[in-house]
Amino acid sequence: MRCYCSICRKIGGSGGYAVNLMADYGSLKLRGAEKKAVYQAEIDGKTSPAERHFCKACGSHLWVWDPRWPELVHPHAGSVDTALPSPPEIVHIMLRDKPDWVDVPNGPGHVHFDGYPDKSIEDWHKSKGLFES
């Protein structure tokens, strides 16, 4: 899932989007915790409860954790050092926030949403037979 929202695209690199994954919070392993900091975005004048964890030494985005779903963690794909599989399709979300300079692939294997998608990350994985519990 590629997110083009005004928050994610700023931390995702030069592509204009970020790829956030879903994982079991209990599986998170971190080295160098003393170099980690937390940012909470302001959305519509309110501080988001979601915690965006990043490296205060280099600024790399690491993961998002939200107390509303404490069992989950959403690592930024670029911060994961273990191998990740290629997805069978790419879901592009929050396209209403995409800047004009960002090119979004179209065609087979690409699904587009102006806002949030019609399936959660978990439901998408289940629909593709990829969900591991």
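**Exercise 1. Decide whether Gly26 is buried or exposed in this predicted model, and describe where it sits.**

Step 1. Start with the number: Gly26 has a relative accessibility of 68%. The cut-off for exposed is over 50%, so Gly26 counts as exposed.

Step 2. Now find its place in the chain. Gly26 belongs to the loop that runs between strand E3 (23-24) and strand E4 (36-39).

Step 3. Look across to Glu71. Gly26 and Glu71 are 45 residues apart along the chain, yet their C-alpha atoms are separated by 7.3 Å.

**Exercise 2. Work out how strand E9 (residues 72-75) is paired with E3 and with strand E8 (residues 61-65).**

Step 1. Take E3 to begin with. E3 and E9 run antiparallel and are joined by two bridges. To spot the pairing on screen, pick Asp24, which has Leu72 of E9 opposite.

Step 2. Move on to E8. Here too you'll find two bridges to E9, and the strands run antiparallel. Trp63 is the residue facing Pro75 in E9.

**Exercise 3. Describe the largest pocket: its volume, its central residues and the make-up of its lining.**

Step 1. The volume of the largest pocket is about 1700 Å³. Its lining takes in 46 residues, and those closest to the centre are Leu21, Ala23, Pro75, Val80 and Leu84.

Step 2. Ask which elements contribute. At least two lining residues come from each of E3, E8, E9, strand E10 (90-93) and helix H2 (121-127). H2 has the largest share, with four residues.

Step 3. Sort the lining by class: 26 residues are nonpolar, nine are polar and 11 are charged.

**Exercise 4. Find the largest nonpolar core and look at what surrounds Ala18.**

Step 1. The core has nine residues: Cys3, Cys5, Cys8, Ala18, Val91, Ile93, Met94, Phe113 and Trp124.

Step 2. Zoom in on Ala18. Leaving out residues up to four places away in sequence, Ala18 touches Met1, Arg2, Cys3, Cys8, Ile11, Gly12 and His76.

Terms used
Residues are numbered from 1 along each chain as its sequence is written. This is a predicted model: local features need pLDDT of at least 70, side-chain atom pairs count only at pLDDT 80 or more; totals for chains, interfaces and linings use all residues. Side-chain values use heavy atoms; hydrogens and water are left out. A nonpolar core is a set of buried Ala, Val, Leu, Ile, Met, Phe, Trp, Tyr and Cys residues joined through side-chain atoms within 4.5 Å. Buried means under 20% relative accessible area, exposed over 50%, partly exposed in between (1.4 Å probe, protein chains only). Contact means heavy atoms within 4.5 Å. Two strands pair if DSSP finds at least two bridges between them. On a 1 Å grid over the protein atoms alone, a cavity is a set of points where a 1.4 Å probe fits but cannot get out, and a pocket is an open set with protein on both sides within 12 Å along at least five of seven lines; lining residues have an atom within 4 Å of a point. Grid points are joined across faces, edges and corners, and a volume is the space filled by probe spheres set on the points. Ala, Val, Leu, Ile, Met, Phe, Trp, Tyr, Cys and Pro count as nonpolar, Asp, Glu, Lys and Arg as charged, and the others, Gly among them, as polar.
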